[in-house]
Amino acid sequence: MSHPTSHHSDHDHGQCVAGALARVEKCCAEKGLRMTPLRRSVMKALAETHVPLGAYEIVERLAAGGEPTPPMSVYRVLDFLVAEGLAHRIESRNAFLACGHPHDAEEVVVFLICERCGLTREVASHAVGRDLAWAARAVGFEPRQRVLEVAGTCASCREMAADAPSGRAGGEADAG
């Protein structure tokens, strides 16, 4: 799996990191919590990429940066970030992603996950949320979590595949 920044270079990750760190600092300040160095480091690691990271990948990134950290400490920070709505757990990948923005209670968060490079885009939909709420009420169900994960291929990976040599002579289609 390639790192998305290798072919998604039109994106400023510095802005993502600064915004994510500002959200954590604001959350901690509003709730009277400490903005610990580990909370900062874990959020920075998540915000530096738009590919979901597992806890052990975060531990490895921190260690490579000179911050050896026990996995349980990273898990505690991830639990905090998810509970505060600052990060999301991507269930299908058992991994975590920095949250791009706060969500309304009626929104459904949709993760569009590229199966080739791992790039994950977060989008929210009031329309899907409304329809899901209606369908759930119709059967007496109360959703605990309003998250959808959609696997597919991002535009950059599709472009790269289209530009790659197909191996076919003269561009002829397979007959078979």
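Author: A residue is termed buried under 20% relative accessible area, exposed over 50%, and partly exposed in between, with a 1.4 Å probe and protein chains only. The structure is a predicted model, in which local features need pLDDT of at least 70, side-chain atom pairs count only at pLDDT 80 or more, and totals for chains, interfaces and linings use all residues. Residues are numbered from 1 along each chain as its sequence is written, and side-chain values use heavy atoms, without hydrogens and water.

Reader: Why is Val109 called buried?

Author: Val109 has 5% relative accessibility, and the limit for buried is under 20%; therefore Val109 counts as buried.

Reader: With which residues is Val109 in contact, leaving aside its neighbours within four places in sequence?

Author: Contact means heavy atoms within 4.5 Å. By that criterion Val109 touches His88, His103, Glu122, Val123, Arg146, Val147 and Leu148. The C-alpha atoms of Val109 and Leu148 are separated by 6.3 Å, although the two are 39 residues apart along the chain.

Reader: Why does Leu112 count as partly exposed?

Author: The value for Leu112 is 38% relative accessibility, and partly exposed is the class between the buried and exposed limits; therefore Leu112 counts as partly exposed.

Reader: What makes E4 and E5 the edges of the sheet?

Author: Two strands pair if DSSP finds at least two bridges between them; strands are DSSP runs of at least two residues, numbered from the N terminus. The open sheet has the order E4-E3-E5. Strand E4 (120–125) and strand E5 (147–152) each have a single partner strand, so one side of each lacks a neighbour in the sheet.

Reader: In which sense do E3 and E5 pair?

Author: E3 and E5 are joined by six bridges in the parallel sense.

Technical notes: Helix = DSSP H or I, 4+ residues; strand = E, 2+ residues; numbered from the N terminus.
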